[in-house]
Amino acid sequence: MSHTNIALFVSHMGCQMKCSFCNQHIITGNSGLVTKEDVNKAVQKALKSGHKGAQLAFFGGSFTAVDRDYMLSLLEAAGPFIKNGDISGIRISTRPDFIDADILKILKSYGVTAIELGAQSMDDGVLAQNDRGHTSDDVLNASLMIKQYGFELGVQMMTGLYTDTDEKSLSTAQKLAKLGPQTIRIYPTVVLKGTKLHELYLKGEYVPQTLDQAVNLCSRLILFFESMEINVIRVGLHSGGAVEEGFVAGAYHPAFKELCESKIYLDKALQKIDQEADLECDKNSGLKSGEPAVKAGYTLFVSPGEISKMTGHKKSNIIELDKKGFSCKVKQDNALKKYDIRVEKDGKK
Ligand code: SF4
């Protein structure tokens, strides 16, 4: 079974709103109307590439808010592929205020298996200031219904929205986790041309997060959701599309999630080295707690496949650790899980 998504972006279709940050044409790089022929072509292409059993995904807009006949035409185009097992199901993303019993029954009957809700924030003030047109209660009610009807629930949140704060984002994360989603996507806000945020930014009324601020916050959010066993399937906007051309300001990096994960490993390494140093202090009277007893080398063990994240982009973590007086090398330990780290002081018996 393939875990690939065959993604089609239904840009701005069905949106009654124009959210403060959104320019879907820029985000997806697509301003055309997805047709049932596009569904056919996309699935055929995936099959030729060996992705039998992938999930068809309608992302980008407000799938359940589009013209009903149009929505049904896309779902019907997918029907034969579901029937013969070429695709395993359909994933959609939509707005929380366009979920009700009728639409859920329709989606179920056409083989939709997963619904992602663009929650963005659970703070009603932030939602209103960013022209979302729905409330946190809408997110709560839609999530309960999606689960009741047996769909996989995914949620999406943003950080750094207009009038948002780190505290509000952390509170949003806690409220979203309580809804029991299987997946989460986290998007730091990026100012794109042609949006309300762009105007506010030009007037000096909106100051976006810096890349460092967003990495700090999102690395905490990743660890939080992972600790709640919620699969973090995306952090940061996709590169490609036309984001680079439409970018004005904010926390955008084509490998944003990797930056966050490297930050997680750097913080954990420093914490563990500090603990080692404290142990040394206990044995060496006269040395202050929190300072390394001897500026020596350390080996940082991480799970296989995580070495590059521990090392950091262009060895940034190793360089940072070196600046703090720790000469470190990284090795794998098969017994460790993702984000676990074990530190050994070199030469220690
Ligand atoms: S964020 Fe979603 S609901 Fe808002 S304008 Fe964009 S596509 Fe529409």
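Among contacts in the protein chain between residues at least 6 apart in sequence, what percentage join residues at least 24 apart? The share is 78%. Two residues count as in contact if their C-beta atoms, placed from the backbone, lie within 7 Å.

This is a predicted model, in which local features need pLDDT of at least 70, side-chain atom pairs count only at pLDDT 80 or more, and totals for chains, interfaces and linings use all residues. Residues are numbered from 1 along each chain as its sequence is written.

**Figure 1. Overview of the protein chain.** The protein chain has 13 helices and twelve strands. Helices (H or I, at least four residues) and strands (E, at least two) are DSSP runs, numbered from the N terminus. Of the 349 residues, 40% are buried. A residue is buried if 20 or more other C-beta atoms lie within 10 Å of its own, exposed if 12 or fewer, and partly exposed in between; the C-beta atoms are placed from the backbone.

**Figure 2. The seven-stranded open sheet.** Its strand order is E1-E2-E3-E4-E5-E6-E8, and the pairing is parallel. Strands pair if DSSP finds at least two bridges between them. Strand E1 (5-9) and strand E8 (231-235) are the edge strands, each pairing on one side only. Neighbouring strands are turned against each other by 20 degrees on average, direction ignored. Angles run from 0 to 180 degrees between N-to-C directions; axes are lines fitted to C-alpha atoms, for helices over the stretch in contact.

**Figure 3. Strand E1 beside strand E2.** Five bridges join E1 to strand E2 (residues 54-59), and the two run parallel. Look for phenylalanine 9: its bridge partner in E2 is phenylalanine 59.

**Figure 4. Helix H6 across two strands.** Helix H6 (residues 136-148) lies across strand E4 (112-120) and strand E5 (152-159). H6 runs at about 170 degrees to E4.

**Figure 5. Helices H2 and H3.** Two packed helices are described by the angle between their axes and the distance between the axes. The axes of helix H2 (residues 36-48) and helix H3 (residues 68-83) come within 8 Å and cross at roughly 30 degrees. That makes H2 roughly parallel to H3. Angles under 35 degrees count as roughly parallel, over 145 as roughly antiparallel, 65 to 115 as roughly perpendicular and the rest as oblique. The crossing is right-handed. A crossing is right-handed if the near helix is turned clockwise from the far one by less than a right angle, and left-handed if anticlockwise. H2 contributes Lys36, Val39, Asn40 and Val43 to the contact; H3 contributes Ser73, Leu74, Ala77, Ala78 and Phe81. By class, the contact has six nonpolar, two polar and one charged residues. Ala, Val, Leu, Ile, Met, Phe, Trp, Tyr, Cys and Pro count as nonpolar, Asp, Glu, Lys and Arg as charged, and the others, Gly among them, as polar.

**Figure 6. Helices H7 and H9.** The axes of helix H7 (residues 166-178) and helix H9 (residues 211-227) come within 11 Å and cross at roughly 20 degrees. H7 and H9 are therefore roughly parallel to each other. Their crossing is right-handed. Asp166, Ser169, Ala173 and Ala177 of H7 meet Leu217, Leu221, Phe224 and Phe225 of H9. This contact has six nonpolar, one polar and one charged residues.

**Figure 7. The three-stranded open sheet.** The order is E11-E10-E12, with mixed pairing. Strand E11 (327-332) and strand E12 (341-345) are the edges. Strand E10 (residues 297-302) and E12 run antiparallel, joined by five bridges. Threonine 299 stands opposite glutamate 344 in E12.
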